[in-house]
Amino acid sequence: MVGVDVQTADGVLFESSTEILIIGAGACGHTAALAANDAGAEVLMVERDPVPSGSTALSSGMIPACGTRFQSAKGVNDDVERFAADILKKARNETDPEMVRAVCREAGPALEWLVDEHGIELDLVEGFLYPGHSCLRMHATPEMTGAEFMAQLISAAERSGIHTLCDALATTLFTGDDAHIHGVKIIRPDGQIEQIECEALILACNGYGGNKELIAQHIPDMMDALYFGHAGNQGEAILWGEALGAAIADLGAFQGHGSVASPEGILITWALMSEGGIMVNSSGTRFSNENEGYSEHGRRVMAQPNGIAWCVFDRRLHQLGMTFPDYREADALGAVRQASSLSDLANLCKLPQDALHQTLVSMSDFRAGKEADPHGRDFTTIPDLQPPFYAIRVTGASFHTQGGLIVDPRARVQSERGPLFDNLFAGGGAARGLSGPSDWGYLSGNGLLTAVTLGRIAGREAAAMLSP
């Protein structure tokens, strides 16, 4: 990684200028750009990759929001307080409630704006409920993939005439004595340098998931986990923030995942677990409450022998999985194993037959109320698994970090000494998330939630601060 720094703007010759400069062209950057452009501002996105993609394209593309017309059309009653309560409960109230409510208020209008003004094809996802959400509120494009959502955002930006400078690695922020941001230096792959002046800067460059040194410092027990995020997430926003004296929090927070097919490296939807599947280790026994969420299961799976576990489910859940493109890809590659009996499944997966059989017997006892699950899962609302049985070998992974620059409800970056930076904004993974200090606070969709909402807020507010 090229080093990043902050330098004085004194004597700097800027080759070009724009009103609003956005570093990062993922979901947050694109949403910010669309919002600023809608407000009449001149916008430029700079992106380190040849083509914008980022962690958004690697995600499932699910965006939670409340009070949308898409929910209303399907009879779902949801509001800001209910949504905020779910986020705060998952985070054990170890996050900023004001920011939680601000994001929840923005989410519904932001999604409807993307649909109505920019042609993004979003609708409410039905058929399953992710852990921690008290009602259906996930929205996604038809294919339910982050790649499709990203492609639609790129098309929307092109239709709006927004310019993106790709293969442009931002390395240096130029500031004045008052910490006002005057511009940015970028480096091209051939070493060419360009210095771009701006009136406002939006950091939309995600977190530090791809930076091994920062992972070792802040999340050392995930050093050996598969990193399923974008390699370009090197923590520039945090490093710049430290140099600027910005307020930073929750650097130990991240979104993990407990079901990435191994060795295929394909994300397996957690809907298999939340709708009745179980997870066992190489001993054929369960080791956790699968309903607590996929993020914390990244660590839990990594704690099993060789960092491996098995998702075990049946045909009903297999059919649910086949509605997801990633799952279909995993199935086509042979990652999904099928057997007509439990003993055959045990042999296929090299799991102890007796232990696996006892695990399913225990599930039936939990469901019948004969005894309580020692891991705390409620089995009374889900059916027993029935033959034929299915299994997928999975490992734990980290996706993106959730700690970052502390912003206010207007997405303005705060100084650790109290006052705000007058023209510096942040969103998505560059900003502190809503998940508290660790992995267990991540409620499904929190990543794209803050990318879209804080991105829109940042773009709107940056445009509003421009000189008339």
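In this predicted model, three strands form an open sheet whose order is E4-E6-E5, with antiparallel pairing. Because E4 and E5 (123-124) stand at the edges and each has a single partner strand, one side of each is left without a neighbour in the sheet. E5 and E6 (residues 138-140) run antiparallel and are joined by two bridges, and Leu 124 has His 139 as its bridge partner in E6.

Strand E4 also bears on helix H4, as it is included in what covers the buried residues of that helix. The buried residues of H4 (residues 80-90) are Phe 83, Ala 84, Asp 86, Ile 87, Leu 88 and Lys 90. The elements in the table are among those that cover them.

| Covering element | Residues |
|---|---|
| strand E4 | 63-64 |
| helix H5 | 97-118 |
| helix H10 | 294-302 |
| helix H15 | 446-464 |

At the start of H4, a side-chain oxygen of Asp 79 reaches to within 3.3 Å of the backbone nitrogen of Glu 81, while just after H4, Arg 92 takes a positive phi of about 55 degrees.

Helix H5 takes part in a crossing as well: the axes of H1 (residues 27-38) and H5 come within 12 Å and cross at roughly 65 degrees, and this crossing of H1 and H5 is left-handed. The contact is made by Thr 31, Leu 34, Ala 35 and Asp 38 on the H1 side and by Trp 113, Leu 114 and His 118 on the H5 side. By residue type, the contact of H1 with H5 divides into four nonpolar, two polar and one charged.

Notes:
Residues are numbered from 1 along each chain as its sequence is written. This is a predicted model: local features need pLDDT of at least 70, side-chain atom pairs count only at pLDDT 80 or more; totals for chains, interfaces and linings use all residues. Side-chain values use heavy atoms; hydrogens and water are left out. Buried means under 20% relative accessible area, exposed over 50%, partly exposed in between (1.4 Å probe, protein chains only). Helices (H or I, at least four residues) and strands (E, at least two) are DSSP runs, numbered from the N terminus. Contact means heavy atoms within 4.5 Å. A polar contact is a pair of N or O atoms within 3.5 Å; within protein, one must be able to donate a hydrogen and the other to accept it, and residues adjacent in sequence count only if both atoms are side-chain atoms. Axes are lines fitted to C-alpha atoms, for helices over the stretch in contact, and angles run from 0 to 180 degrees between N-to-C directions. A crossing is left-handed if the near helix is turned anticlockwise from the far one by less than a right angle, and right-handed if clockwise. Ala, Val, Leu, Ile, Met, Phe, Trp, Tyr, Cys and Pro count as nonpolar, Asp, Glu, Lys and Arg as charged, and the others, Gly among them, as polar. Two strands pair if DSSP finds at least two bridges between them.
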